[in-house]
Amino acid sequence: AEKAEAVLTELGYGERVRIVRGDGSLGWPDEAPYDRILVTAGAPRLPEYLRGQLAEGGRIVIPIGDRVTQRMMTFHRHGSEWHEEEGLGCRFVPLLGEDAWRE
């Protein structure tokens, strides 16, 4: 995270980008709700913390499956209703954390 922050600052993006270090499965509740959430690590299911941080009409894109292969899933929130779309197979590093895979 520190190296990424240094590179982004060197490229002139330091004032427009904020780096947050923490457990990605818990999201970032301080700035919620979000219109879009994009997860770039494979999870066993949609983390409840992320679900709770999505705004009305928003969507979450996340690879879901086992630790080796997943399906890219898109979840849409419309009030209390949730719709999901199953996408292509994929392979991502595992999402480690309290509401995902444990070490």
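What follows is a short chat about a predicted model.

Reader: What are the ground rules on numbering and confidence here?
Author: Residues are numbered from 1 along each chain as its sequence is written. In this predicted model, local features need pLDDT of at least 70, side-chain atom pairs count only at pLDDT 80 or more, and totals for chains, interfaces and linings use all residues, while side-chain values use heavy atoms, leaving out hydrogens and water.

Reader: Which order do the strands take in the sheet?
Author: The order is S1-S2-S3-S4, in an open sheet of four strands with mixed pairing. Strands are DSSP E runs of at least two residues, numbered from the N terminus. Two strands pair if DSSP finds at least two bridges between them.

Reader: Which strands stand at the edges?
Author: S1 (34-38) and S4 (81-90) do; each has a single partner strand, so one side of each lacks a neighbour in the sheet.

Reader: How do S3 and S4 pair, parallel or antiparallel?
Author: Antiparallel, over eight bridges.

Reader: Switching to Thr 74. Where is it found?
Author: In strand S3, residues 70-78. Thr 74 stands opposite Glu 85 in S4.

Reader: Buried or exposed?
Author: Thr 74 is at 15% relative accessibility, so it counts as buried. Buried means under 20% relative accessible area, exposed over 50%, partly exposed in between, with a 1.4 Å probe and protein chains only.

Reader: What does Thr 74 touch?
Author: Leaving aside residues up to four places away in sequence, Thr 74 touches Arg 59, Ile 60, Val 61, His 83, Glu 84 and Glu 85. Contact means heavy atoms within 4.5 Å.
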